[in-house]
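Visitor: I would like to go through this model with you, one topic at a time.

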Amino acid sequence: MKSAFLLEIARARAERQAIAVVTRLRDGAQSLHPARGPQGDLELTEPVLAEVRDRCRHDRSGRLRADPALFIRCYTPAYRLIIVGAVHIAQALAPAAVMAGFDVTIVDPRTAFATVERFPDTTVTHEWPDVALETLAPDAQTAVAALSHDPKLDDPALIAALASPAFYVGALGSRRTHAARLERFAAHGIDGSERLRAPVGLNLGGRSAGEIAIAIIAEIIQTRYRTT
Amino acid sequence: MTQRAESEVDEILTQVRRWQQDRRRVALATVIDTWGSSPRPVGSHLAVADTGGFVGSVSGGCVEGAVVEAALEVIADGKPRQLEFGVSDEQAWSVGLACGGRIAVYVERVE
């Protein structure tokens with residue numbers, strides 16, 4: 001592998017862009033495949049390039065079906081989790097999500113909640129959730145969990161998340177709270193009944209903040225692998 | 001504004017760059033095939049410096065020693081190698097995979 005390729009991979013990761021390396025295993029000839037087009041030693045046919053693009057999209061490293069003498073290693077951006085509400089459960093969810101490989105952002109305009117003391121290793125934004133979500137622009141590799149219990153914070157975040165391609169949108173709250181939320185959304189012409197996961201998390205039966213955090217990240221992981 | 005998960009790939013890339021800055025030569029090992037239950041997915045990397053130091057994992061610890069050895073040879077002669085490990089391997093007891101799976105690993109020098 002050329003050092004220059006490793007630098008390009010590092011740059012693509014910093015910019016949250018997918019990139020891939022194709023290797024001819026027999027002799028080690030290689031090409032690099034950023035979004036703007038391939039570079040390197042391999043002359044690849046259009047069917048092979050089409051498979052390379054497809055595999056980049058779905059993060060499927062392996063021998064190419066179109067030519068098993070070639071191996072592709074896809075480097076796709078880390079999945080993200082946006083947590084709305086710098087609440088107690090968020091203090092447990094943020095490190096659990098990082099452990100599962102997610103980039104975590106916490107959104108809470110209440111500066112008393114979102115403090116460095118409560119979230120020592122996590123980045124927090126104090127913007128209002130609708131503004132923050134616009135900046136963060138959830139994509140198909142992003143999960144959004146609204147945990148604040150306050151409709152003033154949760155609702156605008158959830159409405160923005162439901163309008164985005166986020167692969168997971170969940171909200172804390174009882175079934176009754178959720179029914180009321182769906183009614184509020186319906187009044188604005190938004191149907192959250194299909195995509196919005198509430199009560200958030202797998203039903204593990206746990207009650208502590210740590211247990212609920214694990215139930216939430218478990219559901220997010222399950223959803224991620226079901227949809228890709 | 002977003003905390004980056006300390007993902008394995010970033011950790012490996014950072015370490016490789018550090019080694020190169022220290023004028024160390026480096027090899028990169030990659031899992032290219034898996035059969036049966038294998039501990040690490042296709043694409044998993046192990047980077048090895050000419051000092052024998054390594055970062056990352058191709059098998060969760062079962063065969064790393066043998067891969068490091070092969071990596072040192074690759075660093076020396078520059079020729080990429082393919083390695084296979086599994087319980088059917090005659091070295092099963094020394095470097096086999098406890099899980100019963102098989103993996104193929106490609107080892108190349110960073111030029």
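**Strands, helices and the contact between chains**

Guide: Strand E1 (residues 26-35) and strand E2 (residues 45-49) of chain B form an antiparallel pair with 5 bridges, where pairing requires that DSSP finds at least two bridges between the strands. Strands (E, at least two residues) and helices (H or I, at least four) are DSSP runs numbered from the N terminus. This is a predicted model, in which local features need pLDDT of at least 70 and side-chain atom pairs count only at pLDDT 80 or more, while totals for chains, interfaces and linings use all residues. Residues are numbered from 1 along each chain as its sequence is written, and chains are lettered from A and ligands numbered from 1 in the order in which they are written.

Visitor: Which residue in E2(B) is the bridge partner of Ala27(B)?

Guide: E1(B) and E2(B) pair in the antiparallel sense. Within E2(B), the bridge partner of Ala27(B) is Val48(B).

Visitor: Which are the edge strands of the open sheet in chain B?

Guide: The open sheet of chain B has 5 strands with antiparallel pairing, in the order E3-E2-E1-E5-E4. An edge strand here pairs on one side only, and this applies to strand E3 (54-56) and strand E4 (81-86) of chain B.

Visitor: Which element gives the most to the side of chain A that touches chain B?

Guide: In total, 28 residues of chain A are in contact with 23 residues of chain B, contact meaning that the C-beta atoms, placed from the backbone, lie within 7 Å. The elements of chain A that give two or more residues to this side include helix H1 (3-14) and strand E5 (70-75). With 5 residues, the element that gives the most is H1(A).

Visitor: Which residues in H1(B) does H1(A) meet?

Guide: On the chain A side, the residues of H1(A) are Ser3(A), Leu6(A), Ile9(A), Ala10(A) and Arg13(A). Their counterparts in H1(B) are Val9(B), Asp10(B), Leu13(B), Val16(B) and Gln20(B).

Terms used. Two residues are in contact if their C-beta atoms, placed from the backbone, lie within 7 Å.
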